[in-house]
Amino acid sequence: MNIAVNPELNENSHQTIYLKDYTPPSFEVLSIDLTIQVHDDHTLVHSKLVMQRLTSGDLTLCGRDLELLNISLNGNVLTPDDYNIDPEQLIIKNAPDQAEFSISVKIHPESNTQLEGLYQAGNLFVTQNEPEGFRKITFFPDRPDVLTVFTTRIEADKKYPTLLANGNLVEKGDLPDNRHFAIWHDPTKKPSYLFAAVIGDLAVLKDSFITMEGRKVALEIYALAQDLPKCHVAMQALKDSMKWDEDVYGRPYDLDNYMIVAVSQFNMGAMENKGLNIFNTVCVLADPEITTDPAMFYVKSTIAHEYFHNWTGNRITCRDWFQLCLKEGFTVFRDQSFSETLQSAAVQRIDDVSSLKSVQFAEDAGPLSHPPRPDHFVEINNFYTATVYDKGAEIARMMANLLGPEKFRQGTDEYFRRHDGQAVTVEDLVDSLSDGSGVDLHHFLPWYSQPGTPCVKGTGHYDASAKTYTLKLSQSTAKRPNYPEPQALPIPVGVALFDKNTGEQLQLQGNALQQNGVKDGLFVLDQAEQTIVFEQIHTEPVVSLLRNFSAPVLLDFAYSDEDLAFLLANETNGFNQWQAAQMLLERILLQGHDPAVYLDAIAQALPQVADTDALLASRLLDIPSESYLASRIDQNFNPAEVHEKREVLLKALADKLKTYWAQAYQALPIVAFEDNSVEMGKRAYRNVVLGFAVRANVEGALDWASQQYDNAVCMTERLGALRQLVWNNAPDAQARLEDFYKRFKHEDLALDQWFAVQAGNPKGNVQLARQLMQHQDFDWSTPNRIRSVTGHFAGNPILVWTQEGMQFYTEIAKRLDQQNPVLGSRILQLLSRWYTLAEPMRSEARTILQALKGQVSSSSVCETLNNLLKA
Ligand code: ZN
């Protein structure tokens with residue numbers, strides 16, 4: 001990455017960085033010895049850096065918000081004449097080929113509110129260095145392709161008994177003035193973004209794992225003493241993940257210990273620092289009393305995600321930040337595959353696709369659209385996006401599916417063999433997968449560099465006399481400004497044919513199919529238009545396409561509504577049934593189709609599914625969210641109209657099954673809590689059924705909600721009931737809200753839910769959200785608390801897209817611009833679809849966004865705002 005000053009500055013004088021300007025580092029770092037001395041009102045960081053020249057060029061050390069105390073090179077104290085320094089870096093002129101630096105700086109973690117670098121969170125000091133936080137700790141070539149060996153000495157007052165850094169503890173001892181120290185050495189070379197240190201007073205849960213190589217690994221989860229009982233779920237998930245990566249990818253863990261630290265103030269979910277993960281409490285603490293089932297599931301998959309990074313991210317890391325999806329996309333694919341083993345594979349796929357469509361498709365349809373591997377950015381923090389993570393995962397999945405498990409494993413084995421210990425690119429991954437498997441996958445590379453969601457259109461025709469079924473498919477992707485004309489991508493399309501009369505799946509084997517390129521039920525559409533002819537089809541079929549969501553595309557196939565109802569009834573797996581229902585629902589909600597066919601089909605299918613698989617049944621009742629629907633409307637978007645249509649449909653569905661809801665609810669009494677997918681399914685379904693019963697005005701349904709609240713044995717039940725009470729303004733709502741507050745006022749994660757349920761009330765308003773932000777427990781230094789209001793309020797586009805709603809968000813972005821720009825930028829991104837609004841809202845939105853312009857200055861918020869205004 002080019003870290004020299006670039007003359008091309010944008011209007012806020014932030015520099016744009018381009019992938020094409022990548023140059024390798026001119027120096028390597030052989031080792032770094034760090035000493036971190038923590039004091040109440042400042043921290044001193046001393047470093048000894050041993051560097052060696054690789055190529056000609058300046059010696060550049062990144063540094064931001066550092067007070068340089070002294071610097072010497074090869075034993076000689078440097079004076080300002082010896083270097084150039086600006087707010088971002090220090091450049092040594094005429095550096096010798098061997099350079100040993102001693103550098104001392106002063107930093108202020110106690111007042112660092114940005115949660116990057118070293119910061120104090122309550123009684124804890126923690127680091128967050130990805131992507132560019134390390135430069136806020138000391139001067140260093142802070143780029144992912146500079147890997148080195150870290151030795152870390154931490155010194156602090158004994159009121160902080162916990163002193164942690166990456167690697168092995170080599171020494172600890174006392175110091176004068178009631179202080180102590182610990183020295184850690186990490187034998188593996190790593191980039192600075194994976195460095196971590198923790199200073200605090202934490203309790204620890206210990207366990208161990210024996211690797212497939214027979215080595216014993218000490219496992220430790222650090223949290224506040226009162227939270228330690230909530231760490232068992234995470235510990236089990238960690239052991240399960242370690243085993244899974246051995247079984248499925250042949251990857252054992254490499255160090256002697258693996259530590260996880262829980263911190264309540266964290267911008268993201270969690271961070272994969274080598275051997276010392278730092279987690280947002282919401283991603284590690286789990287207890288049925290305060291954690292809902294989906295939240296507990298999220299803990300398990302996040303533990304897995306960070307663990308899997310040890311191979312895909314840490315041992316093999318990214319050459320530069322443009323390659324972020326190399327580690328994130330692949331690792332998300334890996335955690336999704338692991339999570340499939342914890343619940344039904346169909347429901348896992350439903351949940352992943354549902355979030356892909358409502359978040360990633362929406363992102364890709366607007367002014368923040370970017371390819372999974374962007375080619376330029378102003379602020380890399382703005383690119384930890386659904387596109388990089390989730391579309392990145394879909395690309396890895398397409399290649400894995402095409403290869404099949406055995407060949408994919410040969411490909412990944414080759415990747416680990418070639419690149420262990422290196423910083424690499426997306427091309428390196430695709431080269432390895434291709435060479436290892438013997439199947440060329442290079443035609444998938446354009447998926448990484450082309451933005452936008454492709455749309456697959458098609459028609460099918462059955463010729464009864466020729467006994468052929470002809471499928472015509474075409475693809476197109478909208479051109480985006482500043483990107484080349486989109487090209488056709490290889491789109492694997494999962495295909496099956498079903499007998500229209502019997503509902504049985506037809507067996508598609510034989511030569512005729514192979515010749516047409518259909519293999520293992522996958523057809524790769526890689527031209528603008530293609531035709532496949534299925535021969536020897538003796539009865540009229542219904543085609544099922546994009547099975548298991550075989551590619552991240554929109555599908556617009558000439559189905560009749562009856563065909564979709566047929567698939568909802570006859571498809572052989574739950575995901576495909578769900579997908580058929582979603583297609584029907586989109587027609588009703590976006591194209592005005594009559595809901596009757598859908599209502600009959602779901603009424604027919606639901607009771608039986610519910611009896612055998614309640615978890616799946618809870619998902620089959622998903623209705624596309626208003627945000628997703630909005631992402632499909634490119635102009636004259638009227639939030640109230642979309643809301644109203646969706647409400648009408650929900651009411652029709654509720655009424656259609658009115659007597660069923662009553663029976664189904666009564667048949668699901670509260671029982672003792674068990675953490676397995678059957679019981680999780682019943683709890684999920686009970687809450688969904690309760691919602692429909694309330695909507696249908698089933699007699700006494702709101703009383704059931706009150707009783708469910710009172711008798712709840714876990715948070716899933718209590719919160720599910722509270723939501724119905726609050727969102728329907730039930731007479732009992734206030735008393736239960738007060739009860740909830742009293743019960744959980746000392747449990748931050750539960751209290752977040754108390755804020756969320758009120759902020760997310762579809763019948764709420766901006767005033768209510770503002771009041772929540774005035775509450776004594778509202779806390780501007782804890783991102784989870786901020787998101788509990790801003791994120792849940794955003795679930796209601798009718799409230800967001802009002803002048804007050806948009807002002808609410810721009811005010812928050814302005815407030816966070818200095819305090820926590822990474823978070824401020826993310827919150828501002830919620831407004832990205834402003835330009836689709838119908839007038840006069842659209843002009844009002846522009847005025848409100850433009851008014852923010854002169855008032856913000858961070859690179860994160862400015863880049864997002866500039867992009868929004870380009871729409
Ligand atoms: Zn990750």
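This is a predicted model: local features need pLDDT of at least 70, side-chain atom pairs count only at pLDDT 80 or more; totals for chains, interfaces and linings use all residues.
**Figure 1**

**Figure 2. The open sheet of eight strands.** The strand order is β6-β5-β9-β3-β2-β12-β15-β14, and the pairing is mixed. Strands β6 (76–77) and β14 (168–175) form the edges; each has a single partner strand, so one side of each has no neighbour in the sheet. Within the sheet, β3 (residues 43–53) and β9 (residues 98–107) run antiparallel and are joined by ten bridges. Thr-43 has Ile-107 of β9 as its bridge partner. Strands of a sheet pair through backbone hydrogen bonds, in either a parallel or an antiparallel manner.

**Figure 3. Strand β16 and its two partners.** Strand β16 comprises residues 197–200 and is covered on both faces. Ala-197 and Ile-199 are buried on one side, and Val-198 and Gly-200 are buried on the other. In a regular strand, side chains alternate between the two faces of the sheet. Strand β11 (residues 124–128) pairs with β16 in the antiparallel sense through two bridges, and Val-126 has Val-198 as its bridge partner. Strand β13 (residues 162–165) is likewise antiparallel to β16, with four bridges; here Ala-165 is partnered by Ala-197.

Figure 4. Most residues other than glycine have a negative phi, and most peptide bonds are trans. Leu-115, in the loop between β9 and β10 (117–121), has a positive phi near 60 degrees. This residue is buried, because 22 other C-beta atoms lie within 10 Å and the threshold for burial is 20 or more. Pro-131 is placed in the loop between β11 and β12 (147–157). The peptide bond leading from Glu-130 to Pro-131 is cis, with omega near -5 degrees.

**Figure 5. The loop containing Lys-467.** Lys-467 lies between β25 (455–463) and β26 (468–476). Its phi is positive, at about 55 degrees, although the residue is not a glycine.

**Figure 6. Strands β27 and β31.** Strand β27 (residues 491–499) runs antiparallel to β31, and five bridges join the two. Ala-496 is opposite Ser-544 of β31. Strand β31 (residues 541–545) is mostly covered, with four of its five residues buried.

**Figure 7. The largest nonpolar core and the surroundings of Leu-584.** This core contains 247 residues. The residues with the most contacts inside it are Ala-234, Val-261, Val-284, Met-399, Leu-584 and Ala-705. Helix α5 (residues 386–419) gives the most to the core, contributing twelve residues. When residues up to four places away in sequence are left out, Leu-584 touches Asp-561, Leu-564, Ala-565, Val-597 and Tyr-598. In soluble globular proteins, nonpolar side chains tend to be buried together.

**Figure 8. The buried helix α20.** Helix α20 (residues 748–759) has twelve residues and reaches 16 Å from its first C-alpha to its last, close to the 16 Å expected. Twelve of its twelve residues are buried, so the helix is largely enclosed by the rest of the structure. Among the buried residues are Asp-748, Asp-752 and Gln-753, together with Trp-754 and Phe-755. Their cover includes α18 (715–727), α19 (733–744), α21 (766–774) and α22 (783–793).

**Figure 9. Helix α2.** Helix α2 (residues 293–308) has 16 residues and reaches 23 Å between its first and last C-alpha atoms, close to the 22 Å expected. The helix is mostly covered, with 13 of its 16 residues buried.

**Figure 10. The loops on either side of α26.** Pro-840 lies in the loop between α25 (821–828) and α26. A cis peptide bond, with omega about 5 degrees, joins Glu-839 and Pro-840. Gly-854 is in the loop between α26 (841–853) and α27 (859–869). Gly-854 counts as exposed because it has 7 C-beta neighbours inside 10 Å. The C-alpha atoms of Gly-854 and Gln-807 are separated by 15 Å, and the two residues are 47 residues apart along the chain.

Note on methods. Residues are numbered from 1 along each chain as its sequence is written. The expected span of a helix is 1.5 Å times one less than its number of residues. Two residues are in contact if their C-beta atoms, placed from the backbone, lie within 7 Å. Two strands pair if DSSP finds at least two bridges between them. A nonpolar core is a set of buried Ala, Val, Leu, Ile, Met, Phe, Trp, Tyr and Cys residues joined through C-beta atoms within 7 Å.
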